[in-house]
Amino acid sequence: MAEVVAKRKLPREVDELSESQARLDLFAASQDSDGDSDDASFDESDDENSEYSSSEISEEEDEIGEIVTLKDDSASEDDSGNEASDEDATKRADNKKRGVEDTTNRVNVKEKQIKALQGTLEPKVTEGVSKSSRRRQKRREKKAAELELNRQNDERSSKGEEATDDEKKVEDGLPKPSGISQDKEKPAVDEYEFDSSDEEDIRNTVGNIPMEWYRGFDHIGYNVKGEKIIKPPTRDELDEFLNKVDNPEYWRTVFDSKNGEDIVLSDEDLDVIRRIQRGGYPDATVDPYEPYSDFFTHETMIHPVTRFPDHKRSFIPSLTEKAMVSRYLHLMRQGILKPSWEKDREKEKAKQKVPYYDLWKADEDDTRRRHIAHIAAPKLPLPGHSESYRPPPEYILPDKAPIDERNETPEGESRLRFTRPQYDALRKVPFYQRYFHERFSRCLDLYLCPRQRVVRNRLDADDILPQLPKPKDLQPFPTTLALLYTGHTSYVRSISVDPSGQWLVSGSDDKTVRFWEVSTGRCLKVVEVEGAVQCVAWCPNPVLCLVAISVESVVHLYNPKLGDKLVVSGTDKLIEDYQQPDDPKPMPQVEWEIAEGSRYEEGYRLSLKHFKPTRQVNWHGKGDYFSCVIPTGQRTSILIHQLSKRRSQNPFKKFKGLIQCSSFHPTRPFLFVATQKQVRVYNLIKQVMVKKLITYAKWISSISIHPSGDNIIIGTYDCKLSWFDLDLSVTPYKTLRHHKQAIRSVCYHRRYPLFASASDDGTVIICHGQVYNDLLQNPMIVPVKVLKGHSITSGLGVLCCEFHPSQPWIFSSAADGNIRLFT
């Protein structure tokens, strides 16, 4: 077995090696400077002395550094040590003589070449030299100075002078000064050959790419010719440990993986690292507490920083400012608050005016005094005929009249405490016994009872009401009864119009669903179901002919086979072409069934059986999705079904409150869910709640979305209709209280700026609701017509209302079993 033996310098060899070590360092520095020169003469001198330099370096390093050799176990340690010491002594003496002579000759040659080079470069340096040529000139001058210093050191070492302090540091193992090169084996590279720009150092020829890409390869990229660039040799753990022991600068040495070399951090770099660790700035010249210069200015700029339009709620007047303006206006009317120019004018008049005062001037005219206003005592009513000392004859009763007749008074008059005598003159009127008592009581009332002046506001009704346009200017809107659809024998709870506007479907508590022709009022088809119909909804997609019928806990998809035959056949084909997936995921709360046999011939296509009764069915605008509201479903109070894939999903794991109704947004993936007192808006894609509308209502009955999607109306059982502007606030923009009974249904028109509300008082109120594209203008809401005609049955009036899709017509169904069309 061979073992690794590390042999260090002996104390007796230090004195003999000191001179040769200094000479070798100076020689290596001269070799590095020769490699950086651009002249051909420098390259020739390097070629001549390359053999000697390599041999001398190898021999001297064997003596100085730590020697690692492989030694056989059978060899003797003492014998080899004695022989090596004799041979080293002879080699050391020969190399010392040759090195001194060769170094002196080479230094003289270099000095001549440098002087010749400086002589040729001096006349070329002018004021118009570029930046890169100036940099090169400085480098050459610096290297020439270094060569001069090296030559002087060589002369001192040849004469046997004592080494300088820097050379002693080198012998002791300390880092060398910046003028002496530390890397002896590094080959000389002419960096001026590649200096095509202002970059001073070009070492990485691969480029700015991650070195991790070549982790498993033996190369780190390719050069311009397409040849592989081999990775530099890596050091193993033994080399790293020896370097850590021998190199005193190891603690400040870092490895540059990009350029493949070790970099010794300078004192400036260490200071930067310490400042960063303390949480300071890397640059020591930065003042973190320098005066702050504000980027924005208080002056109005032509081009502001941002052009974001003001929000709509910023234009709502402030109540605090309103009160302040009212107070200033009151002070100005009283004459207390005056402008500065008026005050100056009064001061000038006061100086010119002679100070005379009116002693008898009334206090009421003096409006400048800021004291508590004097409140005059209330005046007593003047005496009438009954209190006169000479009343008319009709007020005088005869003396013989009974006392009860004398005390009787006409209706509306107060009972008098005295009789009505008559006197010829005032001097004959006797003294009133309670005169002083009444005067004293009045004085107490004036003194003790507080009084307050009440200012009566004289306002006209025209000043309070807003300036709204006349209903005639807002036409068209439905005004008269055009058709009456009769046939149902019980409550008609729901109606719906197809997208084309030709057919009408209605559902009643008499367990029938009827299809009507809108233009003639003729009943085309009657479908009997198994229970009371809660809701009917026509699919809004004009390509499909489907009607959703909610009966107790089942929702039927029915094809009435009305209209275009291609649409009817296309609807059946769409349902028949469905292919069930390989791994279906059924929902336990819903069961999809396909109609067959006689039910298919009647028109039934699909049936969705829910676990509890459903209340409302609402279609999405594209006609593929529809939602079902199950009020008593708790966690599954609302379900969303997809027709094309025949699957159902529950969007909420848990929900707070009792769900009343729901509606889809016309354009966005939003779902509006109304509980008893609030309306929540959910984003179905992100699965988050966007807004929560506060209605201030006791119980919500219905909801409708504006075709633009930015406004909604809500009807409540407490006789209120609330309009919400989603861009403005989460509270109602307007609240209408026109109905006297509970509101059952509300709806928007798809094309015209109209909306309607149906109530238990038997009326349908049509309102004009204009929504503007300008965000700075609020919607205009004007009631235009009250439609009457339905009779109240068992306390219920109009149960549902629906606008025609293209005409300004409205359908209404009531508890009396009739359907009316107003045009």
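This is a predicted model: local features need pLDDT of at least 70, side-chain atom pairs count only at pLDDT 80 or more; totals for chains, interfaces and linings use all residues.

Me: Which residues are exposed on the other side of α13?

Reply: Residues are numbered from 1 along each chain as its sequence is written, and side-chain values use heavy atoms, with hydrogens and water left out. Exposed means over 50% relative accessible area, buried under 20%, and partly exposed in between (1.4 Å probe, protein chains only). On that other side of α13, the exposed residues are Leu566 and Lys573.

Me: And which residues of α13 are buried?

Reply: Start with the general idea: an α-helix has 3.6 residues a turn, so residues three or four places apart point the same way. Here, Val568, Thr571, Asp572 and Ile575 are the buried residues of α13. Looking down the axis of α13, they fall within an arc of 95° (taken from the directions from the helix axis to the C-beta atoms), so they line one face of the helix.

Me: What covers the buried residues of α13?

Reply: Their cover includes α14 (598-602) and β16 (604-610).

Me: What happens at the start of α13?

Reply: There, a side-chain oxygen of Asp564 comes to within 3.2 Å of the backbone nitrogen of Leu566.

Me: How many helices and strands does the chain have?

Reply: Helices (H or I, at least four residues) and strands (E, at least two) are DSSP runs, numbered from the N terminus. The chain has 14 helices and 35 strands, and buried residues make up 32% of its 823 residues.

Definitions and conventions: Contact means heavy atoms within 4.5 Å. A polar contact is a pair of N or O atoms within 3.5 Å; within protein, one must be able to donate a hydrogen and the other to accept it, and residues adjacent in sequence count only if both atoms are side-chain atoms.
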